[in-house]
Amino acid sequence: MKHQLMISYEEYDSINDLPSIDVRLLSDAMAATDGAYAPYSGFHVGVALLLGDGITVKGSNQENVAYPSGLCAERTAIFAASAQRPEMRSYIALAIVGRNSDGVYCEASPCGACRQVLVEYERNQGHPMRVLCYLANGRVRVFEKASDLLPFSFDF
């Protein structure tokens, strides 16, 4: 039996076309790239995670010479939020921005491991978590739920 999978997302030509809360979240993610430790790849990733109470938790990628001992920005942010604010456990949206070694903001999207983590946190909270991915030239792709990024996620 053949099945078809369709995933919906929106793309915006400019950050300025987004609601103000999303503009703020992407701006916070851009600022979070400054906290990246990326001496090997030169690719600085910043994330801003909006919690249910309006607080934003930032994360950035942290590389290590003993690869794969580092950690991606998405997991840095969500694990920090979970550890520091265990009573909250409500994640509304996550914005992801990449910056190359020349300081130019560029496309970023979660890796497979991060997608699995995002889906599990979304599943556990019982409501969608929006994911905003910064694209080249100021464009933005918005997924209404993290599970759209990994439709066949692991679960037991």
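In these close-ups of a predicted model, axes are lines fitted to C-alpha atoms, for helices over the stretch in contact.

**Close-up 1. Helix 2 and helix 3 cross at roughly 30°.**
Two packed helices are described by the angle between their axes and the distance between the axes. Here the axes of helix 2 (residues 73-84) and helix 3 (residues 112-125) come within 9 Å. Angles under 35 degrees count as roughly parallel, so helix 2 is roughly parallel to helix 3. Their crossing is left-handed.

**Close-up 2. Residues of helix 2 meet residues of helix 3.**
Look on helix 2 for E74, R75, I78, F79 and S82. Across from them, helix 3 brings A113, C114, V117, L118 and Y121 to the contact. Sorted by class, this contact has seven nonpolar, one polar and two charged residues.

**Close-up 3. Helix 2 has buried residues along its length.**
With 12 residues, helix 2 reaches 16 Å from its first C-alpha to its last, close to the 16 Å expected at 1.5 Å a residue. Which of its residues are buried? They are A73, E74, R75, A77, I78, A80, A81 and S82. Their cover includes strand 2 (44-51), strand 3 (56-60), strand 4 (91-99) and helix 3.

**Close-up 4. Helix 1 packs against several strands.**
Helix 1 (residues 20-32) has 13 residues and reaches 18 Å between its first and last C-alpha, close to the 18 Å expected at 1.5 Å a residue. Find D22, L25, L26, D28, A29, M30 and A32, which are buried. The buried residues of helix 1 pack against strands that include strand 5 (105-106), strand 6 (130-134) and strand 7 (140-143).

Conventions. Residues numbered from 1 in each chain as written. Predicted model: local features only at pLDDT ≥ 70, side-chain atom pairs only at ≥ 80, totals over all residues. Heavy atoms only, no water. Axes fitted to C-alpha atoms, helices over the stretch in contact; angles between N-to-C directions. Helix = DSSP H or I, 4+ residues; strand = E, 2+ residues; numbered from the N terminus. Parallel < 35°, antiparallel > 145°, perpendicular 65-115°, else oblique. Left-handed = near helix turned anticlockwise from the far one by under 90°. Contact = heavy atoms within 4.5 Å. Nonpolar A, V, L, I, M, F, W, Y, C, P; charged D, E, K, R; others polar. Expected span 1.5 Å × (residues − 1). Buried < 20%, exposed > 50% of the residue type's maximum accessible area, 1.4 Å probe, protein only.
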